[in-house]
Amino acid sequence: MTVTLTGLATVVPPTVLHQDEVREVFAAQPGLTRLSQRIVSTSFGVSGIERRYTVLTELGDRTAEPGAERRFYDPTTGELASPGTKLRNDIYAVEASRLYVEAGRAALAQQEDFSAEDVTHVITVSCTGFYAPGPDFVVARDLGLPADVQRFHLGFMGCYASLPALRLASQLAQADPDAVVLVISVELCTLHLRTSNDPDTIVATSLFGDGAGAALVTSRPVSAHEPGFELERFASRVAPEGESDMAWRIGDHGFEMVLSNAVPAILGQHVTGAVRPLFAPEPRLERALDERRASEAIPHWAIHPGGRSILDKVESALELSEAQLLPARATLRDFGNMSSATVLFVLRHILDSPAASAGERVVAMAFGPGLTVESALLTLRGS
């Protein structure tokens with residue numbers, strides 16, 4: 001049975017954060033030590049990011065308009081505020097709902113085979129906020145999905161969560177030949193940005209942005225010309241020695257990211273083993289992995305750009321070419337790290353690339369707390 005991912009769409013909020021401007025704001029915050037100022041300058045400067053997007057319009061408009069409500073940034077003093085978690089989550093409930101619906105609508109419009117009335121299941125993904133009735137409910141209501149649509153939400157898993165969501169969607173499609181599963185990831189990471197002398201917080205501040213990705217997954221027939229991917233196999237691996245090096249906690253002033261500088265090295269030790277279950281069913285692929293020729297066997301690699309150093313380590317460990325890392329590096333440059341939504345942006349980049357052809361294989365890989373490595377083997381389809 002062939003399971004197809006189609007209608008892959010990505011959406012970002014309209015407010016742009018230019019990395020050099022954001023660096024100046026964070027470096028100028030009162031209370032920063034000289035060491036922290038240097039860390040800010042370095043982290044932002046070597047991030048590989050040029051711009052990110054945010055739902056916080058006030059961060060993009062730093063003019064002091066009389067009477068304008070400012071909850072995160074005061075342009076008259078140049079100081080960042082530290083609102084409580086409730087305010088941040090209230091904004092999430094409003095802005096995330098809008099992006100979930102926008103992304104879901106874009107996925108339906110991106111392809112011609114299915115409409116809202118065909119959707120049988122909804123899977124929503126996020127780790128940057130909570131509310132109930134949740135985004136799965138909002139999507140079903142606002143997109144006019146069938147009254148009996150089945151709904152699931154994968155919450156607080158971190159940056160790797162879109163791949164388990166696609167795996168669940170694939171399993172649903174295999175179990176029910178009539179299933180059409182709408183998968184949507186929305187992450188509003190900038191809601192949790194804050195000034196701090198903590199190096200982990202500074203690094204997180206330099207990386208994260210907001211974005212959404214959505215797609216349909218089905219085993220029903222899909223028009224041959226429709227671009228997308230065939231979902232073949234999934235794998236999961238945990239590097240337990242990194243459990244304390246990447247974590248996501250709820251604090252009084254937003255969610256708090258732990259992201260130590262040991263993460264790239266730990267991932268570098270595990271990425272080869274992480275993809276082995278994908279390669280093992282095909283002797284040719286497994287042999288290529290053992291002979292350090294994985295980059296020759298698989299033309300395209302959709303690596304979650306958790307950060308520039310992580311991409312460098314994965315590139316080195318798997319001996320990938322610069323061209324194979326281009327989709328991930330370009331996504332990092334243009335959007336930053338959008339947590340679970342990011343790998344969908346990388347897959348969209350590959351889909352749009354003139355270097356990609358139907359029938360070519362793709363490995364997708366994403367990383368998150370645990371340390372967890374989720375991966376998938378896909379095949380490009382469409383004209």
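Begin by selecting Thr-372, which counts as buried because its relative accessibility is 8%, where buried means under 20% relative accessible area, exposed over 50% and partly exposed in between, with a 1.4 Å probe and protein chains only. Thr-372 is found in strand E15, residues 372-381 (helices, H or I of at least four residues, and strands, E of at least two, are DSSP runs numbered from the N terminus). This is a predicted model, in which local features need pLDDT of at least 70 and side-chain atom pairs count only at pLDDT 80 or more, while totals for chains, interfaces and linings use all residues. Residues are numbered from 1 along each chain as its sequence is written, and side-chain values use heavy atoms, with hydrogens and water left out.

Staying on Thr-372, show its side chain, which reaches the backbone oxygen of Pro-369 at 2.8 Å. Leaving out residues up to four places away in sequence, Thr-372 touches Tyr-160, Ser-236, Arg-237, Val-238, Ala-366 and Phe-367, a contact being heavy atoms within 4.5 Å.

Next, select Cys-159, which the UniProt annotation "active site", from an unreviewed entry, covers; such positions are given in the numbering used here, feature names are shortened, and annotations may be inferred rather than shown by experiment. Cys-159 is found in the loop between strand E7 (150-155) and helix H6 (162-175), and it counts as buried because its relative accessibility is 7%. Apart from its neighbours within four places in sequence, Cys-159 is in contact with Phe-208, His-304, Asn-337, Ser-339, Ser-340, Ala-366, Phe-367, Gly-368 and Pro-369.

From Phe-367, move to the largest nonpolar core, which has 81 residues, and in which Ile-123, Val-217, Phe-229, Phe-279, Trp-301 and Phe-367 touch the most other members. A nonpolar core is a set of buried Ala, Val, Leu, Ile, Met, Phe, Trp, Tyr and Cys residues joined through side-chain atoms within 4.5 Å. Now colour helix H8 (residues 263-279), which gives the most to this core, with eight residues.

Then select Phe-229 and display its contacts, which, not counting residues up to four places away in sequence, include Val-3, Leu-8, Leu-347, Val-362, Leu-378 and Arg-381.

Notes: A polar contact is a pair of N or O atoms within 3.5 Å; within protein, one must be able to donate a hydrogen and the other to accept it, and residues adjacent in sequence count only if both atoms are side-chain atoms.
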